[in-house]
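Please look at the sequence and the structure shown here before reading further.

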Amino acid sequence: MSETKRILVVDDDVDFLDQVAMTLKGEGYEVITAGSENEAEEALLSATPDLCVLDLMMEHQDSGFVLCHHIKKLYPEVPVVLLTGVRSSTGLDFAARSRDAASWIKADAFLDKPVRPEQLRSEVRRLLSAVPA
């Protein structure tokens with residue numbers, strides 16, 4: 001019998017946070033939510049997630065990058081998905097395509113906001129299936 005996977009979802013937009021949490025709970029995942037980088041840091045100390053979904057820009061423009069780096073330091077095997085609306089509004093691409101970028105961008109996947117529920121479900125399944133049991 002497989003155990004329920006725990007997903008930490010972090011976003012400062014409460015409506016978006018609820019939407020993502022509902023989508024993932026509907027797939028049978030245990031979901032822990034946090035509305036800020038600080039809340040996420042506290043959650044990480046109380047329970048190890050199997051996967052994290054983070055907003056890129058929260059209380060600071062780089063909150064998602066900072067939190068992602070911290071998660072990978074604590075739990076290197078935990079996949080991290082960064083969600084961002086930056087790409088659509090600025091054209092900036094944060095994907096780690098070069099070795100230099102990969103050295104500081106620790107996310108396993110990037111999804112543009114607004115995220116379609118089926119896109120999120122698919123990416124979460126893909127990343128969780130790649131994690132060694």
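A residue is called exposed when its relative accessible area is over 50%, buried when that area is under 20%, and partly exposed in between. The model discussed here is a predicted one. Proline 76 has a relative accessible area of 55%, so this residue is exposed. Proline 76 belongs to the loop that runs between helix 3 and strand 4, the latter spanning 80–84. The C-alpha atom of proline 76 is separated by 9.4 Å from that of lysine 106, which lies 30 residues away along the chain.

Tyrosine 75 is likewise placed in the loop between helix 3 and strand 4. Is tyrosine 75 buried or exposed? Its relative accessible area is 15%, so tyrosine 75 is buried. With neighbours within four places in sequence left aside, tyrosine 75 is in contact with Leu44, Thr48 and Pro49. Between tyrosine 75 and aspartate 50 there are 9.3 Å from C-alpha to C-alpha, although the two are 25 residues apart along the chain.

Threonine 4 provides an example of the intermediate class. Its relative accessibility is 44%, and therefore threonine 4 counts as partly exposed. Threonine 4 is located in the segment that precedes strand 1 (6–10). Apart from neighbours within four places in sequence, threonine 4 is in contact with Gly28, Tyr29, Glu30 and Asp50.

The overall plan of the chain may now be considered. The protein contains 6 helices and 5 strands. Along the sequence, these elements follow the pattern β-α-β-α-β-α-β-α-α-β-α. The protein has 133 residues, of which 44% count as buried. Among contacts in the protein with a separation of 6 or more, 67% are between residues 24 or more positions apart.

Glycine 64 lies within helix 3. With a relative accessibility of 0%, glycine 64 counts as buried. Not counting residues up to four places away in sequence, glycine 64 touches Leu54, Asp55, Leu56, Met58 and Leu82. Valine 81 is 17 residues from glycine 64 in sequence, and the C-alpha atoms of the two are 9.7 Å apart in space.

The next topic is the packing of helices. Two packed helices are described by the angle between their axes and by the distance between those axes. Helix 2 (residues 37–46) packs with helix 3 (residues 63–74) at an angle of about 10°, and their axes are 10 Å apart. Helix 2 is therefore roughly parallel to helix 3, since angles under 35 degrees count as roughly parallel. In this contact, Glu37, Ala40, Glu41 and Leu44 of helix 2 meet Ser63, Val66, Leu67, His70, Ile71 and Leu74 of helix 3. Sorted by class, the contact of helix 2 with helix 3 has 6 nonpolar, 2 polar and 2 charged residues.

How are helix 1 and helix 6 arranged? The axes of helix 1 (residues 14–26) and helix 6 cross at roughly 55° and come within 10 Å. Helix 1 and helix 6 are therefore oblique to each other. The crossing of helix 1 and helix 6 is right-handed. Helix 1 contributes Val20, Thr23 and Leu24 to the contact, and helix 6 contributes Pro117, Leu120, Arg121 and Val124. These residues of the contact of helix 1 with helix 6 divide into 5 nonpolar, 1 polar and 1 charged.

Most peptide bonds are trans. By contrast, the bond that joins lysine 113 and proline 114 is a cis peptide bond, with omega at about -5°.

Finally, the cysteines deserve attention. A disulfide is a covalent bond between the sulfur atoms of two cysteines. How many disulfides does a search of the whole structure find? The search finds 0 disulfides. Cysteine 52 is buried, with a relative accessible area of 0%, and cysteine 68 counts as buried at 1% relative accessibility.

Terms used: Residues are numbered from 1 along each chain as its sequence is written. This is a predicted model: local features need pLDDT of at least 70, side-chain atom pairs count only at pLDDT 80 or more; totals for chains, interfaces and linings use all residues. Side-chain values use heavy atoms; hydrogens and water are left out. Axes are lines fitted to C-alpha atoms, for helices over the stretch in contact, and angles run from 0 to 180 degrees between N-to-C directions. Helices (H or I, at least four residues) and strands (E, at least two) are DSSP runs, numbered from the N terminus. Angles under 35 degrees count as roughly parallel, over 145 as roughly antiparallel, 65 to 115 as roughly perpendicular and the rest as oblique. Contact means heavy atoms within 4.5 Å. Ala, Val, Leu, Ile, Met, Phe, Trp, Tyr, Cys and Pro count as nonpolar, Asp, Glu, Lys and Arg as charged, and the others, Gly among them, as polar. A disulfide is a pair of cysteine sulfur atoms within 2.5 Å. Buried means under 20% relative accessible area, exposed over 50%, partly exposed in between (1.4 Å probe, protein chains only). A crossing is left-handed if the near helix is turned anticlockwise from the far one by less than a right angle, and right-handed if clockwise.
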